[in-house]
Amino acid sequence: HEAAALLDMIDQAQSDQSIDDYCVLRKEAMQDLMQAAIYDKLTGLFSRNTMDTRLRDEYRRAKRYDLPLSALFVDVDDFKTINDNHGHSEGDRALSFLGRFILDRLREVDIPIRYGGEEFVVILPHTDGDTALALANQLRDGIGSAQEQAGLAQSLTISIGVGTLTPEMTSDSELVDAADRAVYLAKEKKN
């Protein structure tokens with residue numbers, strides 16, 4: 001327990017400096033834990049842990065005030081081949097690049113999330129389906145030229161599904177589910 005550890009340090013303390021050092025280290029460790037719970041370290045985007053809360057809040061706001069709300073589901077095509085052909089560190093470089101690429105093209109109110117593995121979700125408050133689709137096309141079409149400058153070992157392509165809040169939706173998860181189904185259809189079209 002933290003209190004026991006603090007008491008042990010007090011007993012062992014040679015000076016007040018030891019206790020001060022402990023307090024600083026403890027505070028830094030807590031800050032690191034909070035950062036890890038909120039942000040994905042590799043991509044700099046929000047972590048999956050954050051998605052449920054942010055999605056619920058945006059869903060409730062959109063329903064309450066009759067505002068548009070959309071979500072993108074982004075999936076890296078054939079990501080396994082990057083890891084298989086170039087190693088996991090190159091896969092990490094590709095994911096880090098993609099996180100920055102997505103983040104650089106969003107508005108401040110948009111919520112980019114690393115959903116898991118090579119999948120990303122972007123919650124788009126105040127965004128109708130047509131605007132979300134235009135953003136999806138901009139991301140998909142723009143990734144080629146942007147990655148040339150990044151010097152990745154293998155080129156990336158992405159598939160993106162768009163989900164938009166409808167009056168029939170009764171839960172926030174339906175929005176992401178719609179975008180997930182749409183990305184599956186986008187991948188089917190590519191193959």
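Me: Where does Asp66 sit in this predicted model?
Reply: Asp66 is in the loop between α3 (48-65) and β1 (69-76).

Me: Why is Asp66 called exposed?
Reply: Exposed takes over 50% relative accessible area. Asp66 has 70% relative accessibility, so it counts as exposed.

Me: And what is there to say about the phi of Asp66?
Reply: That phi is near 55 degrees, a positive value in a residue other than glycine. Most residues other than glycine have a negative phi.

Me: Okay, on to His126. Where is the place of His126?
Reply: Look in the loop between β3 (119-125) and α6. His126 also has a positive phi, near 55 degrees, and again we're talking about a residue other than glycine.

Me: What makes His126 count as partly exposed?
Reply: Buried stops under 20% and exposed starts over 50%, with partly exposed in between. His126 comes in at 46% relative accessibility, so partly exposed is the label.

Me: Now the largest pocket. What volume does it have?
Reply: About 220 Å³. Of the 13 residues lining the largest pocket, Leu133, Asn137, Arg140, Ile160 and Ala186 are the closest to its centre.

Me: Which elements give two or more residues to that lining?
Reply: Those are α6 (129-150), β4 (158-164) and α7 (173-190). The most comes from α7, with 5 residues.

Me: How do the lining residues divide into nonpolar, polar and charged?
Reply: You get 7 nonpolar, 3 polar and 3 charged in the lining of the largest pocket. As for the labels, Leu, Ile and Ala count as nonpolar, and Arg as charged.

Note on methods
Residues are numbered from 1 along each chain as its sequence is written. This is a predicted model: local features need pLDDT of at least 70, side-chain atom pairs count only at pLDDT 80 or more; totals for chains, interfaces and linings use all residues. Side-chain values use heavy atoms; hydrogens and water are left out. On a 1 Å grid over the protein atoms alone, a cavity is a set of points where a 1.4 Å probe fits but cannot get out, and a pocket is an open set with protein on both sides within 12 Å along at least five of seven lines; lining residues have an atom within 4 Å of a point. Grid points are joined across faces, edges and corners, and a volume is the space filled by probe spheres set on the points. Helices (H or I, at least four residues) and strands (E, at least two) are DSSP runs, numbered from the N terminus. Buried means under 20% relative accessible area, exposed over 50%, partly exposed in between (1.4 Å probe, protein chains only).
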